[in-house]
Amino acid sequence: NLIVRRLVADTKKMNVSASKSIRAGKKGSIKVTIQPMEEGNYSSEMTVITNDPANPIRTVTLNWTIEK
């Protein structure tokens with residue numbers, strides 16, 4: 001099983017959580033909640049730390065737009 005040990009967002013305006021254990025060949029999920037912000041385009045990075053011996057640390061770029 002892939003174990004998600006930690007998720008780290010590079011901004012306090014983003015909360016992240018994930019499935020803790022994912023079986024081989026199965027899918028997991030990551031939930032991202034954005035705090036209210038001004039209109040505009042944003043980008044942030046999230047680091048996923050797992051027990052995967054080949055790729056224990058992966059960084060994902062998240063982009064989003066807030067419109068009112």
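T50 is placed in strand β5, residues 40-50; strands here are DSSP runs of E with at least two residues, helices are runs of H or I with at least four residues, and both are numbered from the N terminus. The relative accessibility of T50 is 7%, so T50 counts as buried; buried means under 20% relative accessible area, exposed over 50%, and partly exposed in between, with a 1.4 Å probe and protein chains only. The T50 side chain comes to 3.1 Å from the backbone nitrogen of D52. With residues up to four places away in sequence not counted, T50 touches L2, I3, V4, R5, N55 and P56, where contact means heavy atoms within 4.5 Å.

S44 is also found in strand β5, and is buried at a relative accessible area of 4%. Apart from neighbours within four places in sequence, S44 has contacts with D10, T11, M14, V60, T61, L62 and W64.

## Basis of the values

The model is predicted: local features need pLDDT of at least 70, side-chain atom pairs count only at pLDDT 80 or more, and totals for chains, interfaces and linings use all residues. Residues are numbered from 1 along each chain as its sequence is written, and side-chain values use heavy atoms, with hydrogens and water left out.

## Sheet

Four strands form an open sheet in the order β3-β1-β5-β6, with antiparallel pairing; two strands pair if DSSP finds at least two bridges between them. At the edges stand β3 (21-22) and β6 (57-66), each with a single partner strand, so one side of each has no neighbour in the sheet.

Strand β1 (residues 2-9) pairs with β5 in the antiparallel sense over 5 bridges. Within this region, L7 has V48 of β5 as its bridge partner.

## Nonpolar core

The largest nonpolar core has 11 residues: V4, L7, M14, A18, I22, M37, M46, V48, L62, W64 and I66. Such a core is a set of buried Ala, Val, Leu, Ile, Met, Phe, Trp, Tyr and Cys residues joined through side-chain atoms within 4.5 Å. At least two residues of this core come from each of β1, β2 (14-18), β5 and β6, and β6 gives the most, with 3 residues.

One core member, M46, touches L7, V8, A9, V16, I30, R58, T59, V60 and L62, not counting residues up to four places away in sequence.

## Aromatic pair

The count comes to 1 aromatic pair, under the rule that rings of Phe, Tyr and Trp (its six-membered ring) pair if their centres lie within 6.5 Å; planes under 30 degrees apart count as stacked, over 60 as edge-to-face and the rest as tilted. The ring centres of Y42 and W64 are 5.8 Å apart and their planes lie at 15°, so the pair is stacked. Y42 belongs to strand β5 and W64 to strand β6, so the pair ties together parts 22 residues apart in sequence. Y42 is partly exposed at 23% relative accessible area, whereas W64 is buried at 17%.

## Overall dimensions

The protein has 0 helices and 6 strands. Its radius of gyration is 14 Å, well over the 11 Å that the globule rule gives for 68 residues, so the protein is more spread out than a compact globule. The radius is taken over C-alpha atoms, and the rule is 2.2 Å times the number of residues to the power 0.38.

Along the principal axes, the C-alpha atoms fill a box of roughly 40 × 20 × 15 Å. Buried residues make up 19% of the 68 residues.

Conventions. Polar contact = N/O pair within 3.5 Å; in protein donor to acceptor, adjacent residues only side chain to side chain.
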